[in-house]
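Please keep the sequence and the structure in view while reading.

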Amino acid sequence: MKVASITEQVLTLVNKRLGLYRHFEDAVNKYKQSRDIGTLNSGRKTLETEHRGLSSEIASLQSKLKAEGSDLAEKVAEIQKLDGQVKDLALKASQEAERLVAGKVKKDAYIESDKHLSSKRQDLVSRIDTILDTL
């Protein structure tokens, strides 16, 4: 029963963390429209701070799962690894948006790059969801 409780907490935290990326994507889109760097920096800071807290909570729960002798700890480790890649792609997308607004990249090149990054991010989120379904 204890493993089930820990697993439920992990699911909740992972879903919260995935929600952070949606909020950050909204901040990036607002930045592209308003060209207000403060909006982007605020969104990035929120992502970094909340992501760090949620990730440390998940790591703590992962340790508890390991202590319980559950093989689910390995699945949580895989989720953590994939999530790190999702975060990197989200930050890369924000850097590309900054380059677009600054005029350092043409719109067509930006759109192609954004499609590529978004596709990779969606693939990783799908893989995370698949693992979550097995917990």
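Directly after helix 1 comes Arg35, a residue with a positive phi near 60°; helices here (H or I, at least four residues) and strands (E, at least two) are DSSP runs, numbered from the N terminus. Arg35 has this positive phi of about 60° although it is not a glycine. As background, most residues other than glycine have a negative phi, and most peptide bonds are trans. The loop that holds Arg35 lies between helix 1 and helix 2 (37-67). Arg35 is exposed, as its relative accessible area is 55%; buried means under 20% relative accessible area, exposed over 50%, and partly exposed in between, with a 1.4 Å probe and protein chains only.

A positive phi also follows helix 3, where Gly103 has a value near 80°.

## Basis of the description

The model is predicted, and local features need pLDDT of at least 70, side-chain atom pairs count only at pLDDT 80 or more, and totals for chains, interfaces and linings use all residues. Residues are numbered from 1 along each chain as its sequence is written, and side-chain values use heavy atoms, with hydrogens and water left out.

## Overall architecture

The chain contains four helices and zero strands, giving the pattern α-α-α-α when read along the sequence. Taken along the principal axes, the C-alpha atoms of the chain fill a box of roughly 55 × 25 × 15 Å. The chain has 135 residues, of which 39% count as buried. With contact meaning heavy atoms within 4.5 Å, residues 24 or more positions apart account for 76% of the contacts in the chain that have a separation of 6 or more.

The helix lengths can be set against an expected span, defined as 1.5 Å times one less than the number of residues. Helix 1, with 33 residues, reaches 48 Å from its first C-alpha to its last, close to the 48 Å expected at 1.5 Å a residue. The 30 residues of helix 3 should span 44 Å, and the end C-alpha atoms of helix 3 are 44 Å apart, which agrees.

Two packed helices are described by the angle between their axes and the distance between the axes. Axes are lines fitted to C-alpha atoms, for helices over the stretch in contact, and angles run from 0 to 180 degrees between N-to-C directions.

Helix 1 and helix 4 pack at an angle of about 170°, with their axes 11 Å apart. These two helices are therefore roughly antiparallel to each other, given that angles under 35 degrees count as roughly parallel, over 145 as roughly antiparallel, 65 to 115 as roughly perpendicular and the rest as oblique. In this contact, Leu11, Val14, Asn15, Leu18, Glu25 and Lys32 of helix 1 meet Tyr110, Arg121, Val125, Ile128, Asp129 and Leu132 of helix 4. By class, the contact of helix 1 with helix 4 has seven nonpolar, one polar and four charged residues, where Ala, Val, Leu, Ile, Met, Phe, Trp, Tyr, Cys and Pro count as nonpolar, Asp, Glu, Lys and Arg as charged, and the others, Gly among them, as polar.

Helix 3 and helix 4 pack at an angle of about 165°, with their axes 9 Å apart, which makes helix 3 roughly antiparallel to helix 4. By class, the contact of helix 3 with helix 4 has 15 nonpolar, three polar and 10 charged residues.

Asp83 has its place in helix 3 and is buried, with a relative accessible area of 2%. Leaving aside neighbours within four places in sequence, Asp83 is in contact with Arg17, Leu18, Tyr21, His51, Ser55 and Ile128.

Leu91 also lies in helix 3 (residues 72-101), and counts as buried at 17% relative accessibility. Not counting residues up to four places away in sequence, Leu91 touches Phe24, Arg44, Leu47 and Glu48. Leu91 and Val28 are 63 residues apart in sequence and 9.7 Å apart in space, C-alpha to C-alpha.

Thr46, in helix 2, counts as partly exposed at 36% relative accessibility. The C-alpha atoms of Thr46 and Thr12, which are 34 residues apart along the chain, are separated by 19 Å.
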